[in-house]
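Biologist: I want to learn to read a model like this one. Please take me through it feature by feature.

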Amino acid sequence: MSRKRRRLWILLLCGLGLGSATALTLTAFEDSLVFFFSPSDLAAKPMPPDRPFRVGGLVEAGSVTRSTNAEGRAETAFRVTDGARSLRVTYTGILPDLFREGQGVVAEGRLRPDGSFAATSVLARHDETYMPPEVADALKRAGHWQPGQPPPPAAQWNTLSRPAAN
Amino acid sequence: MDGNAAPRGSSLHRFANPGRFMRLSGAMLPWLAALAIAVSALGLVWGLAFAPRDWQQGDTVRIMYVHVPAAWMAMGGYLGLAVASFVSLVWRHPLADIAAAAIAPVGAVFTAICLITGSLWGKPMWGTWWVWDARLTSVLVLFFLYLGHIALTAAFDEPDRAARPAAILALIGAVNLPIIKFSVEWWNTLHQPASVTRLDAPAIHMDILWPLLVAAAGFLFAFASLVLLRMRTAILERRARALMLARAAAARLPEAMPA
Amino acid sequence: MSAFLDMGGYAAFVWPAYAVAVGALVALAAISLRQWRAARAEVARLEALGPRRRGGGSA
C-alpha cells in the first residue's frame, strides 16, 4: 500500500514539474507561437522593415478596392483592423472564397517604407459562429446584426426556441 | 465475438480480472458496435443531407460533422491513454496496460481523420491546406505522440516490459492536451476559437449543433467498440503466449512437472 | 439530387472528407476484427493440443 502511495506522489510531483517547465517554455516563446500580429500589436512593438511577418484582423467595412494591374492580374487593397488600429494592405492574386468586408483575414508579407503592408499571401479567418443563412438574414433584418460587423453574441440568438427566421 | 471465448484457465491468476473483463466486454460489444454504426450513420446522413448550410461557409460546414467528432475522440482518447498509463504506473493493473496499448492505434486513426478532414476544410475556406499555427501544430504533435506510443509498445517482444516506458511517454505527452485545447485562446491562431465548449451559449445554431452531437455520440461508440475489441484481442494474445511458454517449459522439464 | 452531390461547388472537399473518415474507420475495424479472429484461432489451437500442462502450480 505504501509503495503504491509513494509511486502516486512521485508521479504527481513529476507532473507538477513537467507542467511548470512547459508553462515557462511556452511563455518564453510566446512571440514565435502567435501566428499573426494585430495592428495594435504592431503599433506597440514595431517590426523592423524587410522582416516578413503576418498581420491579422477584420477587413474594415468599406475599405476594399479592387483593380487590375498592367499584367491583367487582380489587385486588392483593403484595411485590416482590430477595432482600435488598422493597417493598409495591398495584395496581387486570388483571394480565398471567404474574403469579404467584416471577415477575418491573415496577410503574410512585409512593410513598405510608406508604412503600408505588401502581402504575398492572404488567408481568410472565419469566426466560431455557425448558423443557417436564413437566421443570419433574419438577425440582420431585425437590426441585431450590423452588416460588415461580427455576428452578435451567441446568447442573443442561440436559444432552444428557434428565432422566427422565415 | 461470443463470450465463450473467455479464458477459462483460472490457474493463470493474473488474468482472473481479465477473465471477468472478457465476459462483460463480450456481452457488451455487439450492442456497442451496432449502436456505433447506427448512430454514426444517423449523424453523418443528417449532417450531409438535412442540416442547413452555414451563413459564411456554405456547404463546407458539413465537413464539421466528421472533423469535430474526430478531434474530440483524438483528444478524449489521449486523455484515456493518460489515465490508463497513470493507473498502470501506480497500481500496476494489467488491464490498464492492455487498455493503453489498445487505445493508441484507435486514437491515432481518429487524429489522422481530424488532420486530413481539417486540411480538406482549410483549403476552400482559409485558402490553405496547412499552416503552422499553434492549434494545427499541437494536433500534429498529438498524432506523433500516438505513433510514438505504438512504436514503443511494438519495440518490445514481451508486452509487460513495454508497459512502463510507454506509460511514461503517454504521461509526458499529456501536457500537450491543454496546449491543444487552449492554443486558440492563448495565442493568435488561424484556427477559430471553440464554438461548443464556451461559458455562454454555444455559437452553433441548434439545427447544426444537433447533428454534430449525434455524430459525436456515434464516433464515441465507435471508439469504445474498437478499443474493447482490441483489448479482447490483446488478452487472447497474452493467453496464447502463456500457453506456449507453459508448453515449452513442460517439454524441457517433463520429470519436474507434477503428475 | 445533382445539387446535393455538388455540395454548393465544394464537392471536391466535402465528399473526400467523408470518404476518408468512413474509409479509415472501416479499415481499422476490419483489421481489428481479423486480429481478433487470428488470436482466437491461435488460443483454440493451443488449447486443443492435448491436456494443458500447468507451469505455475495451483495458485
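Modeller: Start with the elements. Helices (H or I, at least four residues) and strands (E, at least two) are DSSP runs, numbered from the N terminus. T90(A), for instance, is found in strand β4 of chain A, residues 86-92. Two ground rules come next. This is a predicted model, in which local features need pLDDT of at least 70 and side-chain atom pairs count only at pLDDT 80 or more, while totals for chains, interfaces and linings use all residues. Residues are numbered from 1 along each chain as its sequence is written, chains are lettered from A and ligands numbered from 1 in the order in which they are written, and side-chain values use heavy atoms, with hydrogens and water left out.

Biologist: Is T90(A) buried or exposed?

Modeller: Buried means under 20% relative accessible area, exposed means over 50%, and partly exposed is in between (1.4 Å probe, protein chains only). T90(A) has a relative accessible area of 16%, so this residue is buried.

Biologist: Which residues does T90(A) touch?

Modeller: Contact means heavy atoms within 4.5 Å. Not counting residues up to four places away in sequence, T90(A) touches T76(A), A77(A), R112(A), F117(A), A118(A) and A119(A). With R112(A) there is also a polar contact: the two side chains are joined at 2.6 Å. A polar contact is a pair of N or O atoms within 3.5 Å; within protein, one must be able to donate a hydrogen and the other to accept it, and residues adjacent in sequence count only if both atoms are side-chain atoms.

Biologist: Where does N188(B) lie?

Modeller: N188(B) lies in the loop between α6 (176-186) and α7 (206-252) of chain B. At 25% relative accessibility, N188(B) is partly exposed. Leaving aside neighbours within four places in sequence, its contacts are L33(A), V34(A), F35(A), F36(A), F37(A), S38(A) and D41(A). A polar atom of the N188(B) side chain lies 2.7 Å from the backbone oxygen of F36(A).

Biologist: How do I read aromatic pairs?

Modeller: A pair of aromatic rings is described by the distance of the centres and the angle of the planes. Rings of Phe, Tyr and Trp (its six-membered ring) pair if their centres lie within 6.5 Å; planes under 30 degrees apart count as stacked, over 60 as edge-to-face and the rest as tilted. Over all chains, the structure holds 15 aromatic pairs. Take Y130(A) and W121(B): their ring centres are 6.5 Å apart and their planes are at 40°, so the pair is tilted.

Biologist: Why does this pair join two chains?

Modeller: Y130(A) lies in the loop between β6 (117-125) and α4 (133-141) of chain A, and W121(B) lies in helix α3 (residues 94-125) of chain B, so the pair joins two chains. Y130(A) is buried at 2% relative accessibility, and W121(B) is buried at 7%. Elsewhere, F37(A), F53(A) and F117(A) form one aromatic cluster.

Biologist: What is a nonpolar core?

Modeller: A nonpolar core is a set of buried Ala, Val, Leu, Ile, Met, Phe, Trp, Tyr and Cys residues joined through side-chain atoms within 4.5 Å. The largest one has 89 residues, of which M64(B), Y65(B), Y78(B), F110(B), F219(B) and M231(B) touch the most other members. Elements that give two or more residues to this core include β6 of chain A, α3 and α7 of chain B, and α2 (11-48) of chain C. α7(B) gives the most, with 17 residues. A second, separate core of 24 residues includes M47(A), L87(A), I179(B) and W187(B).

Biologist: What does V106(B) touch?

Modeller: V106(B) is in helix α3 of chain B and is buried at 0% relative accessibility. Not counting residues up to four places away in sequence, V106(B) touches F223(B), L226(B), V227(B), R230(B) and L28(C).

Biologist: Now chain B as a whole. How many helices and strands does its secondary structure come to?

Modeller: Chain B has seven helices and zero strands. Of its 259 residues, 57% count as buried. Its C-alpha atoms fill a box of roughly 80 × 35 × 30 Å, taken along the principal axes.

Biologist: What is the mean pLDDT of chain B?

Modeller: pLDDT is the predictor's confidence in each residue, from 0 to 100. For chain B the mean is 88, and 90% of its residues reach 70 or more. Over residues 1-13 of chain B the pLDDT is below 50.
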